Amino acid sequence: MKTSIRLTSEGYGYHTLELGYHPSHEQFRKHCRDLNSRSSSKEYYPLKKFEDTSCHFCGLLCKNGTRIYLTESECKYNVCNVKLIVNPRRLINPEASYLGIMPSDPDDRDQFEQSFTDCMRKVDLPEFIDEWALKRLDLCVNILWDKKKGPHKLLKLLHKEPVPKGYEKNLFEQSDAGKRRKGIKNKHIIKFSNDSVAFVVYDKGYQLKKENLALPEEFITKGILRVELQLKKPWLEKYADKRHITDTGDLIATLASESRMWICQYAEKLFNGGTHCKLEKMEQELRNTENIRGTVRKRMLKIAEHLRDSSDIQCIMEELELSEKQVRTCFQHFKQLNLHPVALPDDFPIDRLPSLVDILQDLEDDETELRLDGKRKK
């Protein structure tokens, strides 16, 4: 399988963001009345009430990439909240593709903030971005493969990775022809999350086709892997406080410019780096390494074989009768040798495949190309 991998033209940037503000009770009711009067019955409706909280959805700006949620809590604090979920590219251009992302460019920032103000004036909501608080920001990048099935093959390997400590692995369901088929989407997406961040990797080409999101002129003939780092409210507040950033626009712009750094940093934290190899090739590499004892070498090969077939590291430890310290030592050796602990299946079309961590570190911008023979060129 001869193929190459590169970034799409936008490089690293951001996509979805969530904004919110807390109006007074009187102002909140006015927003509800105004949005309801301007919307059709299909654009403004109540969502399911949760305990003492009621919420309404307004789709008046959906064509502009913006969904509005109006939430009122009936607890003693009686908090009112207006939330926006914004796709910045579609806010600027309603005809923009769902494939692209927002680049971290000053001109794009100015255009985004002007388009935001224009839309907010239409619906009589706070019109400047700095009047809203940033609740979530998705930093992301699209990786383009020559082979359409490339993302799916890498995702299968990612699913073999043990769940990192302090995170949980989220599972998904997808509706298909009106029936719930558990697990259909899990093959095409992996997500590790906690209260502060979520790291998501998925087959963007599959999503565009499955959810009918591709534009008529878009022919998805190549593989597209989307990598997203979703930064949540606790993370954003801590970061803004540490960097002394008070303006929402500045916070978005700063994080957008650091998109590659944060994505690579969390990928390395959550996934193992190195090169995926078949067991035969891995064994050859280990035999050529003098500082690894025979007993440790056997453990490493057993771990690689078991991870190829199962991601349950606890089960592997029990089956192989290994302690946490022994497993940790094996993983340290894998890292030193730049070998990924998940072995490739014997029928894999190539003997080696760079890990997600290595791919992200090697692809600096859209002018860099990574070939699967390990060579890298501009």
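Helix α1 covers residues 25-38, so to speak a run of 14 residues, and it reaches 20 Å from its first C-alpha to its last. That is close to the 20 Å expected at 1.5 Å a residue. Keep in mind that this is a predicted model. In the whole protein there are 13 helices and 18 strands, and buried residues make up 50% of its 378 residues. If you look at contacts with a separation of 6 or more, 68% of them come from residues 24 or more positions apart.

**Helix α1 and what covers it**

- Which residues of α1 are buried? They are Phe28, His31, Cys32, Asp34 and Leu35.
- The cover over those buried residues includes five strands you can look up one by one: β2 (13-21), β3 (44-46), β4 (53-58), β5 (66-73) and β6 (80-86).
- A helix is part of the cover too, namely α3 (106-123).

**Helix α8**

- Here's another helix to check by length: α8 (residues 259-270) has 12 residues, which should span 16 Å at 1.5 Å a residue.
- The buried residues in α8 are Ser259, Trp262, Ile263, Cys264, Tyr266, Ala267 and Leu270.

- Strand β12 (residues 189-193) is mostly covered, with five of its five residues buried.
- Both faces are covered: Ile189, Lys191 and Ser193 sit on one side, while Ile190 and Phe192 sit on the other.
- On to its partners: strand β9 (residues 168-169) is joined to β12 by two bridges, and the two strands run antiparallel.
- If you want to find that pairing in the structure, look for Glu168, whose bridge partner in β12 is Ser193.
- Strand β13 (residues 197-203) is also antiparallel to β12, and five bridges join the two.
- Which residue of β13 is the bridge partner of Ile189? Tyr202 is.
- The link between β12 and β13 is a hairpin of three residues.

**Where helices α10 and α12 cross**

- Helix α10 (residues 294-309) and helix α12 (residues 324-336) have axes that come within 10 Å and cross at roughly 90°.
- Angles of 65 to 115 degrees count as roughly perpendicular, and therefore α10 and α12 are roughly perpendicular to each other.
- From α10, the residues in this contact are Val296, Arg299, Met300, Ile303, Ala304 and Leu307.
- From α12, they meet Gln326, Cys330, Phe331, His333 and Phe334.
- Sorted by class, the contact of α10 with α12 has eight nonpolar, two polar and one charged residues.

- You'll find Gln207 in helix α5 (residues 204-210).
- Is Gln207 buried or exposed? With a relative accessible area of 16%, Gln207 is buried, because buried means under 20%.
- Leaving aside neighbours within four places in sequence, Gln207 is in contact with Tyr202, Asn212 and Leu213.
- His188 is 19 residues from Gln207 along the chain, and the C-alpha atoms of the two are separated by 8.4 Å.
- Thr275 is in strand β15 (residues 275-277).
- At 17% relative accessibility, Thr275 counts as buried.
- Again leaving aside neighbours within four places in sequence, Thr275 is in contact with Asn338, Leu339, His340, Arg352, Leu353 and Asp358.

Conventions
Residues numbered from 1 in each chain as written. Predicted model: local features only at pLDDT ≥ 70, side-chain atom pairs only at ≥ 80, totals over all residues. Heavy atoms only, no water. Helix = DSSP H or I, 4+ residues; strand = E, 2+ residues; numbered from the N terminus. Expected span 1.5 Å × (residues − 1). Buried < 20%, exposed > 50% of the residue type's maximum accessible area, 1.4 Å probe, protein only. Contact = heavy atoms within 4.5 Å. Pairing = 2+ DSSP bridges. Axes fitted to C-alpha atoms, helices over the stretch in contact; angles between N-to-C directions. Parallel < 35°, antiparallel > 145°, perpendicular 65-115°, else oblique. Nonpolar A, V, L, I, M, F, W, Y, C, P; charged D, E, K, R; others polar.
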